[in-house]
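Dear colleague,

Please find below the structure that I am handing over to you. My findings follow directly after it.

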Amino acid sequence: MSVTQSNEPRPAYLLVQGQVTDREGFTAYSAALPPIYRKYGGEYLALVPAPLVEVAEGAAEHRSIVLARFPSREAARAFWDSPEYAAAKKLREGKGTFFVTILDGLPGPG
C-alpha cells in the first residue's frame with residue numbers, strides 16, 4: 001500500500017481502545033466529552049462497547065472502541081492537549097485502561 005504526499009487537506013482520526021473497569025464511575029467522563037469534541041471540530045464515527053466489537057481476525061482483546069474524525073491532525077492534537085480535555089481526563093482516572101492513537105486520514109472528501 002502506498003500513500004503519497006499531497007497538499008490537500010487531510011482529516012485525522014482519534015482511535016481509542018479501552019477496557020473500562022468502573023462503568024458507573026466512567027459516566028461522568030463520557031458525559032463531559034461531546035462539547036469538547038465539538039469545540040475542536042471532532043465528531044464521533046463509532047462508539048462500540050467491547051461486547052459488540054466484531055473481531056474479524058486475531059484474538060479478541062475485549063476493548064471498547066471510539067473512533068472520531070477531526071478536520072486535521074492539528075485539530076486532533078488541540079483537542080487532546082486542551083485544558084478542557086485535561087480536566088475531563090481526570091474523571092476517567094482509575095476507571096480502566098486505554099490505548100489512544102491519532103491517525104492521519106487520506107486527502108479528499110471525508
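Residues 24 or more positions apart account for 81% of the contacts in the chain with a separation of 6 or more. Please bear in mind throughout that this is a predicted model.

Overall architecture

The chain contains three helices and four strands, and its elements run β-α-β-β-α-α-β from the N terminus on. Along the principal axes, the C-alpha trace spans about 45 × 40 × 15 Å. The chain has 110 residues, of which 31% count as buried.

Helix H1

Helix H1 covers residues 23–39, 17 residues in total. From its first C-alpha to its last, H1 reaches 26 Å, which is close to the 24 Å expected at 1.5 Å a residue. The helix is bent by about 30° at Leu 33, and a proline, Pro 34, follows within four residues. Just after H1, Gly 41 takes a positive phi of about 80°.

Five residues of H1 are listed here as buried: Phe 26, Tyr 29, Leu 33, Ile 36 and Tyr 37.

The pairing of H1 and H3

The axes of H1 and H3 come within 9 Å and cross at roughly 170°. Because angles over 145 degrees count as roughly antiparallel, H1 is roughly antiparallel to H3. Their crossing is left-handed. On the H1 side, the residues that meet H3 are Tyr 29, Ala 32, Leu 33, Ile 36 and Lys 39. On the H3 side, their counterparts are Glu 84, Tyr 85, Ala 88 and Lys 89.

Asn 7, by contrast, is exposed, with a relative accessible area of 84%.

Asn 7 and Pro 107 are 100 residues apart in sequence and 8.2 Å apart in space, C-alpha to C-alpha. Leaving aside neighbours within four places in sequence, Pro 11 is in contact with Arg 69, Phe 70, Pro 71 and Ser 72, and with Leu 103, Asp 104, Gly 105 and Leu 106.

The loop between E2 and E3

Finally, I would draw your attention to His 62, which is placed in the loop between E2 and E3. Most residues other than glycine have a negative phi. The phi of His 62 is near 55°, a positive value in a residue other than glycine. His 62 counts as exposed because its relative accessibility is 60%, over the cut-off of 50%.

With kind regards

Notes
Residues are numbered from 1 along each chain as its sequence is written. This is a predicted model: local features need pLDDT of at least 70, side-chain atom pairs count only at pLDDT 80 or more; totals for chains, interfaces and linings use all residues. Side-chain values use heavy atoms; hydrogens and water are left out. Helices (H or I, at least four residues) and strands (E, at least two) are DSSP runs, numbered from the N terminus. The expected span of a helix is 1.5 Å times one less than its number of residues. The bend at a residue is the angle between axes fitted to the seven residues ending there and the seven starting there. Buried means under 20% relative accessible area, exposed over 50%, partly exposed in between (1.4 Å probe, protein chains only). Axes are lines fitted to C-alpha atoms, for helices over the stretch in contact, and angles run from 0 to 180 degrees between N-to-C directions. Angles under 35 degrees count as roughly parallel, over 145 as roughly antiparallel, 65 to 115 as roughly perpendicular and the rest as oblique. A crossing is left-handed if the near helix is turned anticlockwise from the far one by less than a right angle, and right-handed if clockwise. Contact means heavy atoms within 4.5 Å.
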